[in-house]
Amino acid sequence: MKFVKSCAVFVLFSTVFNLPVFADTTSPVTDTMLQNPDPGDWLMWRRTLNSWGYSPLEQVNRDNVDQLALVWARPLSEGIQEGTPLVHEGIMYMPNPLDIVQAIRADTGDVLWQYRRKLPDDLRVPFPSINRNIAIHGNLIIDTSADDYVYALDKDAGKLVWETQILDYREHPAQQTSGPIIANGKVISGRGCEPRGGPESCVITAHDAETGEELWRTPTIEKPGGKNDSWGGIPYEERLHVGTWLVPSYDPELNLIYFGTSVTSPAPKFMLGGNDNKYLYHNSTLALNADTGGIVWYYQHLVDHWDLDHAFERLLIDTVVAPDEDEVTWINPNLKPGEKRKVVTGVPGKNGVVYTLDRKTGEFLWARPTIYQNVLKDIDTATGEAMVNPEVLFHEQGDVKDICPSGHGGKNWPAGSYSPKTGAMYMPMQNTCSTITVVPDASSVESVYGFSARPMIAPGKKNVGAIHSISVETGKTLWKYEQRAATTSLLATAGGLLFSGDVNGRFRAHDQKTGKIIWEVNLGSQVTGYPVTYRVGGRQYVAVSTGSAWSTSGLLGLTPELRSSNANMLFVFALPR
């Protein structure tokens, strides 16, 4: 950890441009504020620690959203752009690619300060430093960097306050693409871990938000030892790539953090210790004690041979659990219908299966598919153990299988939402498959997953994109909207609206109850950022950003007639005054 104490030292780490501000300071952000945010603020990735992606603002609603108009727009820096703006007391903090953070007047778009981190010349950045999320706590903006640090900026001046190295990017590089959350004063962050970084890069960490001191780190790969080694005796240094590359959720009452994990490298398990092992903790939900980092429980959704990560948002909801037997495929026989539970739910993985678990214990409650998938054959409803379809397993080099969905999803990093107004989760889904061929000689090919893939649209489908509205209580599909272009992240509001984006540049407002489109605009470029809404001076604003992303660019290849651009831009809308 380093504290910056002089201008000379500071220049080594950043370039800051200070412009006039319209307020001297904003109030410090406390843990109480993060756990119960002001309706007009957007203080973290999905606004609340339960990852709902929901705002209680209702000035913009079903009756007047057709009057929504552009207020201001700004270009963003070059690179893969999937950012989430944070807003506190009228100041927006926007993460840009390659570790650039801006403070912006949220009502006018005027830049107040900009921080540009100086990155090492020898840094290899395989995913051009995607920066999905930053955190705010006290008087600090906190982020994780491309060179594997966690660092904090003064939120009012943009100057570096502290930084702490998490990993040595030369020895154990990781992809810190998602940024942290704050859990009771602790900076919690996960990462995608490159195979060349070894198992040491596959860790979840906690740091003190005020000082940057590391408090704990938890590995996501089981170490060798014991009679039930889930990796089949593979040496530790060959256990690779179980990442936590999307933002976690946090339950302050249970003091549990919920992360999802990714596939191994290589993905086909015959290339590791055989198809019969579990390879913990890949493709799992992990519930961690926020004070110690200890794994309180885990649930493995699927043994993954095809790069179908289960790393996505976990919705934390208190709900009646009464799965509809006509629509829900797998139901725990010991479940008491109508019982109210604290659950973790949503679509955690690329195969599009909805899972609902007890979030205190990890007990399996129910699950059901959404889009067409052929990898999960069955679930033991008493234990929750998932069973892979044996017909799509690989057994030797050169094997070829048609796998649904593709590695693009199904579901992917574009986030869904939950509305307490309707009791429904809304999920952006894609109808995809791929033909996967195991690399004939993995030792001579630079391949993370050990196979090549040719994506295609799912059988019987012409439309790639979809939005599914699903009852959290019953698991029943309430409505489904499909379109030619792949869909991206969603935002639900108390005004009865569901905002959505797509890879063809359309940004829309749907009626939450029906899915009907009631407003839309063509932004010209792929909608890749996470939409947010906030209030300044009594006026509600809606913000969203465009750009390019690995999965959206790949999905555009399935609809060649769609010719959207990939300009990195931030757009803000409001009703006329």
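Predicted model: local features only at pLDDT ≥ 70, side-chain atom pairs only at ≥ 80, totals over all residues.
Residues are numbered from 1 along each chain as its sequence is written, and side-chain values use heavy atoms, with hydrogens and water left out.

Let's start at Ser249, which lies in strand E19 (residues 249–251); strands are DSSP runs of at least two residues, helices (H or I) of at least four, numbered from the N terminus. Ser249 counts as buried because its relative accessibility is 0%, where buried means under 20% relative accessible area with a 1.4 Å probe and protein chains only. A polar atom of the Ser249 side chain sits 2.6 Å from the backbone oxygen of Arg314.

Now follow the contacts (heavy atoms within 4.5 Å). Setting aside neighbours within four places in sequence, Ser249 is in contact with residues including Ser51, Ile181, Tyr258, Arg314 and Leu316. Ser51 is found in the loop between helix H2 (31–35) and strand E3 (54–55). With 1% relative accessibility, Ser51 also counts as buried. Ser51 and Ser249 are 198 residues apart in sequence, yet 5.9 Å apart in space, C-alpha to C-alpha. Beyond residues up to four places away, Ser51 touches Trp45, Pro248, Arg314 and Leu315, among others.

That brings us to strand E23 (residues 315–321), where 5 of the 7 residues are buried. E23 runs antiparallel to strand E25 (residues 339–346), joined by 7 bridges; strands pair if DSSP finds at least two bridges between them. One of these links Val321 with Glu339 in E25.

Technical notes: Buried < 20%, exposed > 50% of the residue type's maximum accessible area, 1.4 Å probe, protein only. Polar contact = N/O pair within 3.5 Å; in protein donor to acceptor, adjacent residues only side chain to side chain.
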